[in-house]
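The following paragraphs lead through a protein structure, from single residues to the whole chain. Please keep the sequence and the model in view while reading.

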Amino acid sequence: MARPKRNLLATAQETSSPPTSLDDNHAIARVRKAEGKNLYLVELPKRTDPLLVELPARFRSQIWIKNGGYVLVDTAAFLDRENKLDGEIVNVVREEKEWRKQSYWPLEFVKKSTYPDDSEDEASTVGKMPPSDDSDADIRG
């Protein structure tokens with residue numbers, strides 16, 4: 001039987017806006033790879049080794065997470081258990097622009113431009129005619 005639509009709408013509303021502040025054990029992480037069975041490999045900004053985190057039941061089959069997307073991870077969720085999980089996904093970043101405006105957004109995850117910076121010294125030649133060669137006119141004429 002399908003889940004009620006109110007659960008789907010509540011989950012979507014919960015993930016649409018970022019929290020005002022983060023708890024000490026919460027961190028924003030980038031999703032590197034889906035490991036299967038609602039497990040994801042994520043990377044934190046200050047750590048080199050990836051974490052294995054679990055997607056809770058309330059997000060399953062309702063919110064899709066893509067590689068390179070961002071999630072909010074609770075790293076203290078599984079400290080009392082003896083297993084390979086390093087944390088639990090608390091929230092999924094859907095409105096990335098809103099999340100990037102927050103003061104707690106990591107500097108390591110700043111969006112990079114796809115185009116290299118053009119130097120200011122060179123004038124743009126977009127929409128201009130190529131330079132004419134005055135030496136050709138002297139030879140012909």
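Contact here means heavy atoms within 4.5 Å. The model is predicted, and local features need pLDDT of at least 70, side-chain atom pairs count only at pLDDT 80 or more, while totals for chains, interfaces and linings use all residues. Residues are numbered from 1 along each chain as its sequence is written, and side-chain values use heavy atoms, with hydrogens and water left out.

Tyr40 also belongs to the largest nonpolar core, which has 16 residues. A nonpolar core is a set of buried Ala, Val, Leu, Ile, Met, Phe, Trp, Tyr and Cys residues joined through side-chain atoms within 4.5 Å; buried means under 20% relative accessible area, exposed over 50%, and partly exposed in between, with a 1.4 Å probe and protein chains only. The residues with the most contacts inside this core are Tyr40, Val42, Val53, Ile65, Val71 and Ile89. At least two residues of the core come from each of β1 (26-36), β2 (39-43), β3 (51-54), β4 (70-74) and β5 (87-92). The largest share, 3 residues, is supplied by β1. A second, separate core has 8 residues, including Ile28, Leu72, Trp99 and Phe109.

The wider arrangement may now be considered. The protein has 3 helices and 5 strands, and from the N terminus on they follow the order α-β-β-β-β-β-α-α. Helices (H or I, at least four residues) and strands (E, at least two) are DSSP runs, numbered from the N terminus. Of the 141 residues, 28% count as buried. Among contacts between residues at least 6 apart in sequence, 62% join residues at least 24 apart.

Strand β1 contains His26, which counts as buried at 17% relative accessibility. Apart from neighbours within four places in sequence, His26 is in contact with Leu72, Val73, Asp74 and Val90. The loop between β1 and β2 holds Lys37 and Asn38. Lys37 is not a glycine, yet has a positive phi of about 55 degrees; Lys37 counts as exposed, at 77% relative accessibility. Asn38, likewise a residue other than glycine, has a positive phi near 60 degrees, but counts as partly exposed, at 28% relative accessibility.

Glu108 is partly exposed, with a relative accessible area of 37%. Glu108 and Lys46 are 62 residues apart in sequence, and their C-alpha atoms are 8.2 Å apart in space. Leaving aside neighbours within four places in sequence, Glu108 is in contact with Arg30, Pro45 and Lys46.

What lines the largest pocket? Its lining consists of Trp64, Ile65, Lys66, Gly68, Gly69, Tyr70, Val71, Val92, Val93, Arg94 and Glu96. A pocket, on a 1 Å grid over the protein atoms alone, is an open set of points where a 1.4 Å probe fits, with protein on both sides within 12 Å along at least five of seven lines; lining residues have an atom within 4 Å of a point. The lining residues divide into 6 nonpolar, 2 polar and 3 charged.

Methods. Ala, Val, Leu, Ile, Met, Phe, Trp, Tyr, Cys and Pro count as nonpolar, Asp, Glu, Lys and Arg as charged, and the others, Gly among them, as polar.
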